[in-house]
Protein chains: 4
Amino acid sequence: MAAPGFWPRIMIKVGIVGGTGYTGVELLRLLVGHPRVELVAITSRQEAGRGVAELFPNLRGHLDLAFSEPDVERLAGCDLVFFATPHGVAQATVPALLARGVKVIDLSADFRIRSVPLWERWYGQTHGCPELVAEAVYGLPEFNRERIRGARLIACPGCYPTSVLLGFLPLLEQGLADITDLIANSASGVSGAGRQASIPNLLTEASDNFKAYGVAGHRHLPEIEQGLADIAGASVALTFVPHLLPIIRGIHSTLYATLTDPEVDLQALYEQRYRDEPFVDVLPAGQYPETRTVRGANWVRIAVQQPQGRGKAVVMVVEDNLVKGASGQAVQNLNILFDLPETLGLDAPALLP
Amino acid sequence: MAAPGFWPRIMIKVGIVGGTGYTGVELLRLLVGHPRVELVAITSRQEAGRGVAELFPNLRGHLDLAFSEPDVERLAGCDLVFFATPHGVAQATVPALLARGVKVIDLSADFRIRSVPLWERWYGQTHGCPELVAEAVYGLPEFNRERIRGARLIACPGCYPTSVLLGFLPLLEQGLADITDLIANSASGVSGAGRQASIPNLLTEASDNFKAYGVAGHRHLPEIEQGLADIAGASVALTFVPHLLPIIRGIHSTLYATLTDPEVDLQALYEQRYRDEPFVDVLPAGQYPETRTVRGANWVRIAVQQPQGRGKAVVMVVEDNLVKGASGQAVQNLNILFDLPETLGLDAPALLP
Amino acid sequence: MAAPGFWPRIMIKVGIVGGTGYTGVELLRLLVGHPRVELVAITSRQEAGRGVAELFPNLRGHLDLAFSEPDVERLAGCDLVFFATPHGVAQATVPALLARGVKVIDLSADFRIRSVPLWERWYGQTHGCPELVAEAVYGLPEFNRERIRGARLIACPGCYPTSVLLGFLPLLEQGLADITDLIANSASGVSGAGRQASIPNLLTEASDNFKAYGVAGHRHLPEIEQGLADIAGASVALTFVPHLLPIIRGIHSTLYATLTDPEVDLQALYEQRYRDEPFVDVLPAGQYPETRTVRGANWVRIAVQQPQGRGKAVVMVVEDNLVKGASGQAVQNLNILFDLPETLGLDAPALLP
Amino acid sequence: MAAPGFWPRIMIKVGIVGGTGYTGVELLRLLVGHPRVELVAITSRQEAGRGVAELFPNLRGHLDLAFSEPDVERLAGCDLVFFATPHGVAQATVPALLARGVKVIDLSADFRIRSVPLWERWYGQTHGCPELVAEAVYGLPEFNRERIRGARLIACPGCYPTSVLLGFLPLLEQGLADITDLIANSASGVSGAGRQASIPNLLTEASDNFKAYGVAGHRHLPEIEQGLADIAGASVALTFVPHLLPIIRGIHSTLYATLTDPEVDLQALYEQRYRDEPFVDVLPAGQYPETRTVRGANWVRIAVQQPQGRGKAVVMVVEDNLVKGASGQAVQNLNILFDLPETLGLDAPALLP
């Protein structure tokens, strides 16, 4: 029998589809240090044949792997495949991989929304694989840990949804908020827009600037409302306004809810709910979270306040959108899926300053 | 009779008390280009004798003036004195200047709140000049233009209050919002914290970062609630959460209000209300304001939206906190006070990119 | 007779070809405040019909003009046309405009280099208008003011060249430097790369970062060496290494030269040479220039130092690459060309902080 | 006999004196993940009693340690003590620790310069412990690895010196550069100035800006010249101009040297010299280093170029000033000192984007 903290060194063979974006390179950064993962393939149609470290020089000396053509046969040799692709891509390949016994963690939006018509309305296309939508498990460990353990297909939550869901969760589980009038005022670093050429995301346009966007309707709205409804056990109405921060990484969500019981001890409620969570940190009363305190780390830090005792809860949540909001959460799901310590490969502190 | 756009070149003698902070240098930047202003004194106890352009090298070649000791006799020779001082300072000197016939525009918080006990509670000190509080006119031209014209003492609005008041004004004037539950989620650039040494505002601490602060209670809360109540004609309840943006200048306020009439045409309402305002720009439907579009300019840009038609108004407001949020608004007040064109010296476009 | 500072208000009709880039919008920002300029046309094939202020919201309320198709007939009605186009474009249209009596200030590189073969080697294309190259005047007022006055076609200097030439000029005019071994270590804000979609200039890639580029050979090298040779009266050898700064605007050049006479009073030399220049500011001994002190302004600020008295001159030069490095210098040339006060429309101080 | 990669788990007891600055928190970040280090004490007179994670929230959940009073008795229980203090502090305590058999790695400048009078001139104070200066080993592993192994007292190199020395080293070892005329044009992120309140390092002053400083003479000049002379075996003359970058972390040095043999294959020279170095990465020809590719990592990345084949070598070097320029190099020294794999605890890739 292995000693505590020691387990048989069977390596998990991992493939990544679509490794040229920011969630792709972030998966690589985390996985090269993961003691139980062996990277066997990373695909990119566009960059096939090019060394990964040529595109991402931070990986020079850490990873000797080249991009390859997406090829189901090769990926079928993996134990697990991550999809770090734009929406619409995973749908086409996931069925073949599942059929070959490969587990899938999809970082895109393809399998997050259970209502196929709703998905099709917000993403403006026909769903390519509706038959698997019901099976997919929404990979938010703090809410779905047990279902994740047994899953074949995990839909990794979006960046904004992770922060909003974890922020409202303790209130909604206890029925302490008016769920007909929730507000999420969120702000994200520019990496949330991905690694693609665009004028609005140039340094010259996005730095020294701040703006809202997608106010009329953002694709994360139905995903968040579905998750909030799952938690509350009833449908909810959310006003969600995302903003663009002139920083590389980081999401800050400021949440507003009318309390049904203004006497509740919010600090105790949050501390108790998250006491055993390895990646959710409830700050001491009076401290507020800063995005930089989770830069590069899988932590979510949360503070809750009832300003002036007026019956309105204000919850502040920070995460690194590329880590807990994407690739770190994906690795956390991997750890759960393969019965590893949940923090394995995810235990480095944030980079501060 | 003077031709249109031509008026007698009588110069207004202006003094500035406390010119070493950011609102001070911003006053200077605006006033050196103002065709009707003659700068006669700028005081600083600490920097007395030092050339202004030595401290602020952007003024080299534009201004040949040295800081002097604050001296009532010298200031009494001015037509107008600006106070760009921390709160608590103007109170001591204003009475003497008014007595000498000098007009005063106070950029600090000393005369903004009409309830002296409320002021004393939030600012933690005894008010040094309560007898003038009632006379002071709150210098928000879009609401108070006529009263400003005849004033001796103008309390220039705070940076956050300007953005929140102008954003809610059309709704509240028309009784279209539930004033028991207003929310202002605001974010400010670091210059709002002034020009003083502090660890949290170092580039190493404040850049690549975002956080809320003052959630439990910020000094601008009572000022905003007073202004909102003046507009609405009834007391209001506001939840106000300020955040710190990693930019130098700029405030973005995202305002939330429950509509009493969800059928109202918000776009028309806002456009109509601000049609004749020289510094308030209501954006076309579907465009959202960016802080950089007002960088260095006295404009406020506003957009309004009712997301998903759910009965909640979302108003977005941007301003440059040092211009329309402080020194530019002060110059606008000067122009009104001396019956000049309101845009005089304030007509340069924002610096973009 | 007009009073001092008053001159007949004949307006100069100005057109801009290629107004959608950063030098285009910067020309607009400067010209809307220029009292003697009437903007009659701004062209863009791609944006024809669209309001200028729609693309550049900082101009809302300042400019009511739409982009139009480039059309020689329309441009021929102007007194002056600016080309704010990529290289290779002006060559095709300039002859027709000159033939119609229109003056041209070209902000691109088309007419900067007198040797057509050299131009063709560095720009990798055949020159479309070699017959006008010899006539074009290099628009660096501090060196060429008299020739500018009578010019029909002005080649506005590049951003890096302006800073390097003005930095070395006093030394080279006096034969005080070893011209076989000059070094220019320059750094530019990202706006120097123009307003076009590209991955390396995304905020996510270019912010919180610094790198050299073009070390093997940058297109500004032959332009700078030609200018230095003109000043020195002999050919020079320059090592030029540009770097990319994570800022929007600003160039800082640090220049190194071996002194032929280490006893020379560098401070006096520079102060004397630039005493009468309206836009060159030699800082007092011991102060160093910062890019932010010229943000948005047409100033060049210079400091010179002989570290440890070891016979090596270090010259530091800052400019705003979009102003003195492009559009501001173009307006300065316009003022000279039309015999206006050289600072007209260029007299606003830099935006600081 | 232990298997490869496996060694007895005896923990090294480590103390840190002066843990409230940026090199202190960076040591903590690296050491909490170091498998052979046990942190037993971290001192701060000012913060004694306060939890470390309260000051540095990125360490919440990683480190349960409070600052304690600096106390020789307690520190004497350590195997190794790091000094992360301002200069002048280590001098007072080091002798007592060495006498108790404790090894010392000093990150300050106290023991870097072998000439005590030279040190005293540049640091403006009397050296408190001149008798240990000769014994101290300059902790640059790439040059001094063998001497580090047996040392009791290691003077960890300065941030600028590390980048300049490693950049010039291959050239100087081979006698390929004119050592009477070397130039180092360096630029550092603001964290190099430490974690202390100061107006010039506020975000409002240092962001969106670039400037040179210390041009007349910077304290790192004598340290670099001493190191270069050690490498070259003869005295050298360096012109060193540091600049301040608007980024948090990162140093970029651009080095210029006149080649004594312009035919030398610089690329091969550098690749060969650093082939076996675990933390020096020579980039392929034509690629240039970016500071972000070493953000948070102990790597130095170098490129070398001979522009236009004119006999001048240009070397570009990047490092993270807090890692390879301070705390990471200190841990690398620890690993050498205790005969551990040199990369232990230092093997995480840089955080990019």
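**View 1. The contact between chain A and chain B in the predicted model, to which chain A gives 38 residues and chain B gives 38 residues.** On the side of chain A that touches chain B, at least two residues each come from the strands β7 (182-188), β8 (211-212), β9 (238-244), β10 (251-258) and β13 (312-319), and at least two also from helix α8 (203-206). Sorted by class, this side of chain A holds 20 nonpolar residues alongside 11 polar and 7 charged ones.

**View 2. The crossing of helix α7 (residues 159-173) and helix α11 (residues 323-337), both of chain A.** The two helix axes come within 8 Å and cross at roughly 100 degrees, which means that α7(A) is roughly perpendicular to α11(A). From α7(A), the residues that make the contact are A:C159, A:T162 and A:S163, while α11(A) takes part through A:K324, A:G325, A:A326 and A:Q329. By class, the contact of these two helices consists of 4 polar, 2 nonpolar and 1 charged residues.

**View 3. The contact between chain D and chain A, in which 24 residues of chain D meet 24 residues of chain A.** On the side of chain D that touches chain A, the element that gives the most is helix α1 (residues 22-31) of chain D, with 3 residues. This side of chain D is made up, by class, of 13 nonpolar, 7 polar and 4 charged residues.

Definitions and conventions. Residues numbered from 1 in each chain as written. Chains lettered and ligands numbered in written order. Predicted model: local features only at pLDDT ≥ 70, side-chain atom pairs only at ≥ 80, totals over all residues. Contact = placed C-beta atoms within 7 Å. Helix = DSSP H or I, 4+ residues; strand = E, 2+ residues; numbered from the N terminus. Nonpolar A, V, L, I, M, F, W, Y, C, P; charged D, E, K, R; others polar. Axes fitted to C-alpha atoms, helices over the stretch in contact; angles between N-to-C directions. Parallel < 35°, antiparallel > 145°, perpendicular 65-115°, else oblique.
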